[in-house]
Amino acid sequence: MSSETRQWTPAHGAPYRPVAYRPARMPSAQSLARAAELRTRMDERRTVRHFSPDPVPEQVIRDAIACAATAPSGAHQQPWTFVRVKDPAVREQIRAAAEQEEQLSYDGRLGDEWLAALRPLGTDAVKIHLTDAPALLVVFQQRYWLGPDGTKRKHYYVDESVGIAVGMLLTALHLSGLAALIHTPSPMRFLSHVLRRPENEKAFAVVPIGYPAEDCEVPDLLRKSLDQVMTEV
Ligand SMILES: Cc1cc2nc3c(=O)[nH]c(=O)nc-3n(C[C@H](O)[C@H](O)[C@H](O)COP(=O)(O)O)c2cc1C
């Protein structure tokens, strides 16, 4: 059965049932070559804020979401929902609400230190990508499990789990040839209301997706070197 039709249900309290896991081991030469290639490919990823109007293949987005949903999660609770926003009227609503919040933020709510941190990125309160990127996802985290009868059950390590899943989403989109932006309008409560999400879900990030515009520019950023991010003991 394909993963698009099989339905997961919580295994809360079920006994441990191991199954064999015997993936073929990759020869080291292939492993080294693949790691080096991935390193180069991933270094090419950039956050894009100016998108081409060209449509993107819907299946690439579905496959990228399916990749994200393979992420590890605390107690395998998979506390994520990916909302694909297609209705232009809903996208207009999201943009209007986001720009209202962002205007307040850029007008001083963020504080001088945060504004200074953002200055090199050249961002402002105008969020054209919310209506103009060819595809838009909103990722929600499920703060707790909510059963059909209203039963609630705690979810563990929700921020970490959803953060990893979104990282995998970005990786899948990038390696499939699409660009994306992680946009976190603050506060994001309006998204639950506009997208009519259940009470257990909290917005995590808005993700416009597409191809970079022909005249796309990105800030000139330098990534930390390996020595700066890694240490050995
Ligand atoms: C958690 C998170 C929140 C972010 N929020 C925003 C945002 O609200 N608006 C924006 O333009 N970029 C946002 N970004 C994108 C970052 O600014 C961007 O990743 C960073 O400047 C590095 O650029 P790069 O992705 O091109 O390497 C966010 C990124 C992350 C991981």
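The model is a predicted one, in which local features need pLDDT of at least 70 and side-chain atom pairs count only at pLDDT 80 or more, whereas totals for chains, interfaces and linings use all residues. Residues are numbered from 1 along each chain as its sequence is written.

The protein has eight helices and six strands, these being DSSP runs numbered from the N terminus (helices H or I with at least four residues, strands E with at least two). Along the sequence they follow the pattern α-α-β-α-α-α-β-β-β-α-β-α-β-α.

E2 also pairs with E1, in the antiparallel sense and over five bridges, with tryptophan 80 standing opposite glutamine 141 in E2. Eight of the eight residues of E2 are buried, so the strand is largely enclosed by the rest of the structure; a residue is buried if 20 or more other C-beta atoms lie within 10 Å of its own, exposed if 12 or fewer, and partly exposed in between, with C-beta atoms placed from the backbone. In a regular strand the side chains alternate between the two faces of the sheet. In E2, Ala135, Leu137, Val139 and Gln141 point one way, while Leu136, Val138, Phe140 and Gln142 point the other way.

Helix H2 (residues 58-68) has Ile61, Ala64 and Ala68 as its buried residues. Seen down the axis of H2, these fall within an arc of 65°, so they line one face of the helix, the arc being that of the directions from the helix axis to the C-beta atoms. An α-helix has 3.6 residues a turn, so residues three or four places apart point the same way. The buried residues of H2 pack against strand E1 (80-84), strand E2 (135-142), helix H6 (158-175) and strand E6 (201-210), with contact meaning C-beta atoms, placed from the backbone, within 7 Å. The face of H2 turned away from its buried side carries the exposed residues Glu58 and Gln59.

Helix H1 (residues 28-43) is hardly covered, since the count of buried residues among its 16 residues is zero. For the protein as a whole, 24% of the 233 residues count as buried.

Definitions and conventions:
Contact = placed C-beta atoms within 7 Å. Pairing = 2+ DSSP bridges.
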